[in-house]
Amino acid sequence: MIVVGGEALVDLVPGAEKTNDGLTSLVPRLGGGPYNVALAAGRLGTPTAFLSRISTDRFGQALRDRLTASNVDISMVQEGPENTTLAVVALAPNGSASYTFYTEGTADRLVADPGPLPDDVTVLCLGTLGMVLEPGATSYETVLRREAARGVLTALDPNIRADLIADADAYRRRFTSWLPDVRLLKLSDDDGEWLAGAAGLDAAIKSWLDAGVDAVVLTRGGDGLAVHTGSVTVSVPSAPAQLVDTIGAGDTVQGALLSWLHDRNVGTLTDLGESGWREALTFAAKAASITVSRSGAEPPTAAEMV
């Protein structure tokens with residue numbers, strides 16, 4: 001089973017209408033990077049559970065209902081009376097999204113360490129705000145280290161939200177401290193450049209692999225996907241799509257990639273050769289192409305991938 005940990009929130013996405021004062025209407029969409037990853041894996045038919053704390057408010061109930069409808073196990077979801085995190089989305093002309101977050105005192109950042117995960121968990125994925133906002137970030141970090149120590153395939157998507165990182169250098173140091181416990185590091189090329197800083201992305205990728213990561217997967221927008229390991233580098237193009245927006249595209253890549261690895265019982269990434277990575281990345285790119293063809297984060301089902 002895959003366990004995905006991190007925030008569940010509501011994206012307020014620009015709608016088609018204008019208000020009387022000229023503002024664009026906002027339409028609520030359920031989301032959050034890790035939440036979308038769980039949806040993507042669950043919809044593809046892979047046993048998946050979500051680990052988070054979700055509000056008991058109306059948004060929180062909708063978040064739980066959508067997980068259940070997407071075949072995601074919510075038995076690890078904690079509940080609290082705090083508000084649901086909100087993210088106001090701005091879309092550029094090319095469909096790319098930027099976010100303004102409202103996170104103070106919200107439910108998901110208060111997640112507690114659940115203790116050891118069930119024995120049937122073979123993949124753990126963490127990332128985004130879950131690894132930034134305290135006290136939840138420390139809880140997830142504890143889970144990461146404990147599960148890595150028992151041999152779970154651990155995956156991390158930093159999904160950088162720079163406006164919420166008060167001290168960039170401190171975050172980069174903490175990120176580096178996670179790497180010995182991370183087998184799969186997936187990130188966008190923009191996030192990679194931000195984390196690399198003055199060192200440059202190529203040098204940073206080498207340093208991340210040297211620190212213990214088995215594979216670094218880069219999403220490159222319209223330029224497709226690439227993976228770097230100690231022995232192979234593989235690139236695949238993006239799949240053809242009618243672009244609506246890019247919300248959830250990277251999350252879909254992560255969910256689809258983990259689904260592919262889980263369903264083929266790939267436990268050691270270093271054993272996956274060039275042909276295997278090409279098949280995995282092509283599958284993930286196809287899933288992302290379906291997501292970007294519709295508004296908001298709507299990962300495909302297994303039937304849509306056929």
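**Entry 1: the model.** I noted at the start that this is a predicted model.

**Entry 2: the count.** How many salt bridges does a search of the whole structure find? I got 17. I then looked at some of them one by one.

**Entry 3: Asp 157 and Lys 186.** I found these two side chains joined in a salt bridge, at 2.8 Å from N to O. Where do the partners sit in the chain? Asp 157 belongs to strand E11 (residues 153-157), and Lys 186 belongs to strand E12 (residues 184-188). They are 29 residues apart, so I logged a link between distant parts of the chain. Are Asp 157 and Lys 186 buried or exposed? I wrote down buried for Asp 157 and buried for Lys 186.

**Entry 4: Asp 210 and Lys 206.** Here I read a salt bridge of 2.9 Å, N to O. Both residues lie in helix H6 (residues 201-210). Because they are four residues apart in that helix, about one helical turn separates them. I checked accessibility too: Asp 210 and Lys 206 are both exposed.

**Entry 5: Arg 294 and Glu 304.** The closest N and O atoms of this salt bridge are 2.9 Å apart. I placed both partners in the segment after helix H8 (274-291), ten residues apart. This pair, too, links distant parts of the chain.

**Entry 6: H7 against H8.** I turned to helix packing. Helix H7 (residues 249-263) packs with H8 at an angle of about 140 degrees, and their axes are 8 Å apart. Over 145 would count as roughly antiparallel; H7 and H8 are therefore oblique to each other. I noted their crossing as right-handed. Which residues make the contact? From H7 I listed Ala 249, Thr 252, Val 253, Ala 256, Leu 257 and Trp 260. From H8 I picked out several, including Gly 276, Trp 277, Glu 279, Phe 283 and Thr 291. By class, I recorded eleven nonpolar, three polar and one charged residues in the contact of H7 with H8.

Definitions and conventions
Residues are numbered from 1 along each chain as its sequence is written. This is a predicted model: local features need pLDDT of at least 70, side-chain atom pairs count only at pLDDT 80 or more; totals for chains, interfaces and linings use all residues. Side-chain values use heavy atoms; hydrogens and water are left out. A salt bridge is a side-chain nitrogen of Lys or Arg within 4 Å of a carboxyl oxygen of Asp or Glu. Helices (H or I, at least four residues) and strands (E, at least two) are DSSP runs, numbered from the N terminus. Buried means under 20% relative accessible area, exposed over 50%, partly exposed in between (1.4 Å probe, protein chains only). Axes are lines fitted to C-alpha atoms, for helices over the stretch in contact, and angles run from 0 to 180 degrees between N-to-C directions. Angles under 35 degrees count as roughly parallel, over 145 as roughly antiparallel, 65 to 115 as roughly perpendicular and the rest as oblique. A crossing is left-handed if the near helix is turned anticlockwise from the far one by less than a right angle, and right-handed if clockwise. Contact means heavy atoms within 4.5 Å. Ala, Val, Leu, Ile, Met, Phe, Trp, Tyr, Cys and Pro count as nonpolar, Asp, Glu, Lys and Arg as charged, and the others, Gly among them, as polar.
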